Amino acid sequence: MTQTFSVKSSKQTELIDITRPVQEAVQKAGVKEGLCVIFTPHTTAAVTINENADPSVPRDILMELNKIVPFEDRYQHAEGNSSAHIKSSLIGCSLTLFIESGRLVLGTWQGIFFCEFDGPRDRQVYVKVVPDGR
Ligand code: ZN
């Protein structure tokens with residue numbers, strides 16, 4: 001079963017904590033033990049796991065990504081958003097997490113982030129919950 005939820009970004013680049021809607025999808029699936037696959041079907045966005053306790057962490061991640069892959073360069077892609085495409089590939093469009101006792105297994109400081117690299121836009125996140133086969 002695949003569930004979908006929307007993410008609305010409000011900036012050009014932005015990390016948005018999506019831990020809660022993903023956990024809600026796991027609970028809705030009713031799976032106690034298994035895997036949770038998170039996928040975003042966009043070429044200028046990504047998903048990642050990092051610290052969601054201190055908001056300066058996602059800000060620093062974005063600041064450095066925007067330096068590593070500048071918005072303007074001698075890109076050939078005519079749409080003008082090559083920087084976003086490159087960041088999407090660097091970070092990746094899917095994640096796999098464990099589910100134990102009906103909850104996502106995450107470290108104390110870990111959260112799941114949707115990474116917007118070409119916003120603001122309305123985006124989609126797919127969550128597939130796969131029960132343990134035992
Ligand atoms: Zn493009």
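Residues are numbered from 1 along each chain as its sequence is written, and side-chain values use heavy atoms, with hydrogens and water left out. Because the model is predicted, local features need pLDDT of at least 70 and side-chain atom pairs count only at pLDDT 80 or more, whereas totals for chains, interfaces and linings use all residues.

Helices (H or I, at least four residues) and strands (E, at least two) are DSSP runs, numbered from the N terminus. Two strands are taken to pair if DSSP finds at least two bridges between them. On this basis, five strands form an open sheet in the order 1-8-3-5-6, with antiparallel pairing. Strand 1 (2-8) and strand 6 (103-104) lie at the edges with a single partner strand each, so one side of each is left without a neighbour in the sheet.

The partner of strand 1 is strand 8 (residues 122-131); seven bridges join these two antiparallel strands. Within this pairing, Phe-5 stands opposite Val-125, and Thr-4 has Tyr-126 as its bridge partner. In a regular strand the side chains alternate between the two faces of the sheet. In strand 1, Gln-3, Phe-5 and Val-7 make up a covered face, while Thr-2, Thr-4, Ser-6 and Lys-8 make up an uncovered one.

Strand 7 is mostly covered, with six of its seven residues buried. Buried means under 20% relative accessible area, exposed over 50%, and partly exposed in between, with a 1.4 Å probe and protein chains only.

What lies in the interior? A nonpolar core is a set of buried Ala, Val, Leu, Ile, Met, Phe, Trp, Tyr and Cys residues joined through side-chain atoms within 4.5 Å. The largest such core has 21 residues, of which Ile-18, Val-22, Cys-36 and Ile-38 touch the most other members. With contact defined as heavy atoms within 4.5 Å, and leaving aside neighbours within four places in sequence, Ile-18 is in contact with Phe-5, Val-7, Val-47, Ile-112, Phe-113, Phe-114 and Val-125.

Helix 1 has Thr-19, Val-22, Gln-23, Ala-25 and Val-26 among its residues, and these are buried. Seen down the axis, the buried residues of helix 1 fall within an arc of 155°, so they line one face of the helix; the arc is that of the directions from the helix axis to the C-beta atoms. The face turned away from this buried side carries the exposed residues Arg-20 and Lys-28. Gly-30 follows helix 1 and has a positive phi, near 70°.

In helix 3 (residues 82-91), the buried residues are Ser-82, Ser-83, Ala-84, Lys-87 and Ser-88. Gly-92 follows helix 3, and its phi is positive, near 100°.

The zinc ion is coordinated by His-77 (NE2), Glu-79 (OE), Asn-81 (OD1) and His-85 (NE2), at 1.8 to 2.2 Å. Donors are N, O and S atoms within 2.8 Å of the metal (3.2 Å for Na, K and Ca); water is not among the atoms, so sites may look incomplete. Along the chain the donors follow the spacing H-x1-E-x1-N-x3-H. The angles among the four donor atoms are 90 to 150°, and the site is irregular. Four donors count as tetrahedral if all angles lie between 85 and 135 degrees; four count as square planar and six as octahedral if opposite donors are over 155 degrees apart and all others between 65 and 115; anything else is irregular. His-77 is partly exposed, with a relative accessible area of 34%, whereas Glu-79 is exposed at 54%.

Finally, Ser-101 is found in the loop between strand 5 (94-100) and strand 6. Ser-101 counts as exposed, because its relative accessibility is 57%. Apart from its neighbours within four places in sequence, Ser-101 is in contact with Lys-32 and Glu-33.
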